[in-house]
Every structure is written in C-alpha cells, then in structure tokens.
Amino acid sequence: MIKSLDKVLLQDPKLNIHALKALVENSFDSILITDATNRTRILYANKAFKKLTGYSPAEVLGKTPKILQGAATDKTVIARLSKTLSAGGRFEGKAINYKKDGTPFLMHWRVVPVKLGKDTSVLLAIQRETSSI
Ligand SMILES: Cc1cc2nc3c(=O)[nH]c(=O)nc-3n(C[C@H](O)[C@H](O)[C@H](O)COP(=O)(O)O)c2cc1C
C-alpha cells in the first residue's frame, strides 16, 4: 500500500529534511523560493532554474522573479498572480518570459504560499517551459 507523504516523512525525522532537499535539488522542474513580502526576493533557486533561464542561482539571489518578464509578458496573468497571492491563494499560469540571453519562451508556473512559523512564510514556485497556451 502506498503511504501518504506525511506518514513517510514522519517515520524518520531525519529523512524529512534530507529527502525534501534531494527532491528539490534533483528536480527536473525549476524551483524558486522567495520571501513572502511584496518584494518577493529570491532566497533559493535550484539547478534546473539555471538550465531553464540561464541565470545562476547566485546571480538571482535577492532579486525578484520579475527579471524573467519583458515586453511580451501578459500583464493580465501577472495582475492575477498579484491579486491571488495578496489574498493568500495559490497561483497557476502561463506567460512569455525571457532567458538571460533574451530568448523568449512560454513559462508555465505555480506559486504556493507556505507558512513556516508564526511570522515567517515563503512562496514556493515550480516552473517549466511549455509549448502550449
Ligand atoms: C515565488 C514566485 C515565483 C514567480 N515566478 C515567476 C515567473 O516564473 N515568471 C514571471 O513572469 N513572474 C513570476 N513571478 C511574479 C513576479 O515576481 C511578481 O510577483 C509579479 O510580476 C508581480 O509583481 P508586482 O506585484 O510587484 O507588480 C513569481 C513570483 C513569485 C512570488
């Protein structure tokens, strides 16, 4: 029988952080973590983010994912993202983004808010290139 993720992780508290770290670092999808303030500064980017966008994790630290946007980015999608996140919701959408070398591509991404402590929360993003709107 397949156990729930909660049960698997609780089985061994050490597995918890090690397993999740390995998943994030080895994910084929790009993963970004930002703080949850309006400035949404990037706290972490995995290797797949570099493969997707051309930006290294080190050079995007402290910046916002807005660096991926440009002239052809659909403003209505971004407005929906801002509205949804301000209301504490989770977002999923597609929009034109730009790689570091300026190449446009269609980004498909989700943003999920996660509360860590009483006063701390982060926003987690999972991103991939797609070919269809
Ligand atoms: C975790 C996270 C990931 C994001 N990823 C992307 C992305 O891949 N592409 C994109 O165009 N915008 C992305 N955004 C949206 C921008 O960072 C920004 O929030 C949006 O442009 C609205 O900014 P504003 O409210 O300051 O105008 C992401 C935002 C967050 C919080």
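Which side-chain atom of Lys66 lies 2.9 Å from an oxygen atom of the ligand, a polar or a nonpolar one? A polar one.

Some ground rules. This is a predicted model, so local features need pLDDT of at least 70 and side-chain atom pairs count only at pLDDT 80 or more, while totals for chains, interfaces and linings use all residues. Residues are numbered from 1 along each chain as its sequence is written, and side-chain values use heavy atoms, with hydrogens and water left out.

Back to the ligand. A polar side-chain atom of Ser82 sits 3.0 Å from a ligand oxygen. Trp109 places a polar side-chain atom 3.3 Å from a ligand nitrogen. For polar contacts, the cut-off is a pair of N or O atoms within 3.5 Å. How much of the ligand does the protein bury? Alone, the ligand exposes 630 Å², and the protein buries 85% of that. Those areas are Shrake-Rupley, with a 1.4 Å probe.

Now the shell. Helices are DSSP runs of at least four residues, strands of at least two.

Next, pockets. A pocket is an open set of points on a 1 Å grid over the protein atoms alone, where a 1.4 Å probe fits, with protein on both sides within 12 Å along at least five of seven lines; lining residues have an atom within 4 Å of a point. The ligand takes up the space of the largest pocket. To sit there, more than half of its atoms must lie within 2 Å of the grid points.

The largest pocket has a volume of about 640 Å³, counted as the space filled by probe spheres set on the points. Its lining has 27 residues, with Thr40, Leu81, Ser82, Leu85 and Leu123 nearest the centre. H5, E4 and E5 each give two or more residues to that lining. E5 has the largest share, 6 residues.

Last, the second largest pocket. Its volume is about 510 Å³. It is lined by 15 residues, and Leu20, Val24, Ile31, Ile33 and Leu124 are the closest to its centre. Which helix gives the largest share of this lining? H2, with 6 residues. Helix H2 (13-26), strand E1 (30-35), E4 and E5 each supply at least two. The classes are 12 nonpolar, 1 polar and 2 charged.

How values were computed:
Polar contact = N/O pair within 3.5 Å; in protein donor to acceptor, adjacent residues only side chain to side chain. Nonpolar A, V, L, I, M, F, W, Y, C, P; charged D, E, K, R; others polar.
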